[in-house]
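Good morning, everyone, and thank you for making the time. Please look at the sequence and the structure for a moment, and then I will walk through them part by part.

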Amino acid sequence: MCCDLKRRFLLLYATQKGQAKAIAEEIWQQAGAHGLEADMHCISEMDKYNLETEKDPVVIVISTTGTGDPPDTARNFVKKLQDTTLPPGHFAHLQYGLLGLGDSEYTFFCNGGKTVDKRLQELGAQRFYDTGLADDCVGLELVVDPWIDGLWLALKEAFLLQKKKEDMSSVVDAVSSSACAAPHIVHELNLSSRLQNVKLEDEGVRSSDVLSQKLVDVNLAASARDAEPSLVHSVPPLSQSTLNIPALPPEYIEVQFQDTHGENPHPSSLISEGMTFEVPVTKAIQLTREDAIKTALLLELDIADTVFDYQPGDAFCVICPNNINEVEELLHVLGLSEKGEYFVSVDIKQGTKKKGAAHPQHIPERSTLKFILTWCLEIRAIPKKAFLRALVECTSDVGEKRRLQELCSRQGTSDYARFVRDSNVCLLDLLHAFPSCKPSFNLLIEHLPRLQARSYSVSSSNLCQPGKLCFVFNIVEFPACPTRPIARKGVCTGWLAELVAPLLHPNKNTLDTKGGRSSTEKVSIFARPNNTFHLPADPSVPFMMVGPGTGIAPFIGFLQHRQKLREEHPDWEFGETWLFFGCRHRDRDYLFKQLRCFLENGTLTHLKVCFSRESSAAEVATPKYVQDVLRLYAKEVARVLLKERGYFYVCGDKKHMADGVSDAVVEILSMEMEADKLEAMKMLAVLREAKRYLQDVWS
């Protein structure tokens, strides 16, 4: 561009857990090297930008949360955007490029970005760059990296087009006519989430935003272990490649150790989502036999002395700590064991080059080092490439430094996916694998995300059990593997299991080193209402429930609620109810055998159960999975959904169950409607849109 001044573009991000913000910061950082200036803001800061009058190109990075909602930070923006009184050409002056983040494990993939993109188009805005949709299921970087690479040319062409329009005439009402004559630039960019062969640029024209790292000759002795790549070792061609590694993220946090006097804040004070409640655990039951593949627990909480309220189908969040042994181990590896009880102050580093550097909201003004690692930071988080890049600078061994460079490089994308992301490697694993890496504590605060509260479906009815809240979960197990030699339990489920051990095994000695243990443990919770996954408002409407394994949890609440309504309103008309449940073994993990009680008292009209790991001597093989059972009742499914306008609920594992169930429903609709698969899929989409096909699923 023939201009000394840097051209400005508006950069907006909408984030739920920090990924969209981190990507926006990467764009902001690279912009300067391309002679551009990114005016970056969170999309919620609507007092700092105005799309109504914006003349420069706009770049939007937006994530998706829940089952397809825009992130909390974008709610007001989307609400304003969806104002039905806005005319079709409201944003005709606007040029934009949008990068959506999502997870294809969920039905409404990248729906946050798609919603904004569609509405901007409806209001007349023009894309200067094709929309990118990045999939966290296979790795965001597979789309994010090439999308950012192509952004700079698209922006510069957008500026050239803008300047051409401005130069056509100085008369204001001549602008529109000249715009019609100006060629519209369309950028075709293949952004599929497949691994692409990245072509290395020539030395003379390599982009200035990417650091070129020459191959380091470490002269490693050939051995048997060199034959296969691993977390700590690469093989040709990667081990012999010149690497394109990302720019070093600027440090912006300064940590100062103080004294050991004072008190830590209560963990619930870190939550901004609403009112929190500290409630006792009054009951714990193991629902599975000891020889079951997974261990399922039911916990009962006493909420009688709180204003916590819920409906069957709602979810709530449990505030949980990191595993104390892992925290102690991390302190040891970092050489900070003696400072664990020291209070620290966290400030913004003077002169930092990080745009919009601010004190992290999830870090208290004053707390101990151990408190921050226990309650504030997700130490199990899979390190992003930017974190790996920062760790390179903290590593003294030449071979280890090279391998970390490979893992964060463009050329090492496949290795990063295989040995870091897909292996669920965390910071502690990396520090054990690369012992010469000694990061400072400020890097952990800068790169580890906030420790998230864990969400669970309610498995009870306040109408049936006043003052009680029940929930069911499997204790998550992460077996040992080459990249993680130690087996681990889930952060929250492992903590809960340990917490309620005295209730599960009351005869065992549970005295601790302090000489005693409270008979009632407490947990902190807060509400996470579900706006749609509820019983039909009209009790006469029939509904079907599909919930194998712990997916049955919300349906226990449904059935308890329906049973109580039947007792209190014998004159009401109630529609038929179906429950499809599945587990591995009849005797080991049939979680709620009392389901037959609901069947006997008429609350449940039909109960269909299958067992996936049991052999049958019958000539005709019995169905193993809930989707197989559904196909046996195709006519009934079609009748409830199509003729009687009933509801269909699915709860449980997304990848291995919910997708199979939706495929089965499409087959059933196609067969019963005597239509092709496309028409059946359209019908399922209509049912979803009408909130009559509802899912509460997890990956």
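This is a predicted model: local features need pLDDT of at least 70, side-chain atom pairs count only at pLDDT 80 or more; totals for chains, interfaces and linings use all residues.

Accessible areas here come from the Shrake-Rupley method with a 1.4 Å probe, and for residues only the protein chains shown count as cover. On that basis the accessible surface of the chain comes to about 33900 Å², and 50% of this surface belongs to carbon and sulfur atoms. Residues are numbered from 1 along each chain as its sequence is written, and side-chain values use heavy atoms, with hydrogens and water left out.

Let me begin with the chain as a whole. Of its 699 residues, 48% count as buried, where buried means under 20% relative accessible area, exposed means over 50%, and partly exposed lies in between (1.4 Å probe, protein chains only). The secondary structure comes to 20 helices and 24 strands; these are DSSP runs numbered from the N terminus, with helices being H or I of at least four residues and strands being E of at least two. If we take the contacts (heavy atoms within 4.5 Å) with a separation of 6 or more, 79% of them are between residues 24 or more positions apart.

Next, the sheets. Two strands pair if DSSP finds at least two bridges between them, and an open sheet of 6 strands, with antiparallel pairing, has the order β15-β12-β19-β10-β11-β16. Its edge strands, each pairing on one side only, are β15 (454–457) and β16. Strand β11 (residues 296–302) pairs with β16 in the antiparallel sense over 7 bridges, and within this pairing glutamate 300 stands opposite cysteine 470. Strand β16, which covers residues 468–474, has 5 of its 7 residues buried. Strand β10 (residues 276–286) also pairs with β11 in the antiparallel sense, over 5 bridges, and here isoleucine 285 has leucine 298 as its bridge partner.

A further open sheet has 5 strands in the order β22-β21-β20-β23-β24, and its pairing is parallel. Strand β23 (residues 647–653) is joined to β24 by 6 bridges, with tyrosine 649 opposite leucine 694. Helix α19 (residues 654–673) lies across β20 (543–546), β23 and β24, and runs at about 155° to β23; for such angles, axes are lines fitted to C-alpha atoms, for helices over the stretch in contact, and angles run from 0 to 180 degrees between N-to-C directions.

How is helix α8 placed in the structure? Helix α8 (residues 385–392) has 7 of its 8 residues buried, so it is largely enclosed by the rest of the structure. Lysine 385 is one of these buried residues, and its side chain is joined to that of threonine 413 by a polar contact of 3.2 Å. A polar contact is a pair of N or O atoms within 3.5 Å; within protein, one must be able to donate a hydrogen and the other to accept it, and residues adjacent in sequence count only if both atoms are side-chain atoms. Threonine 413 belongs to helix α10 (residues 413–421) and is buried, with a relative accessible area of 10%.
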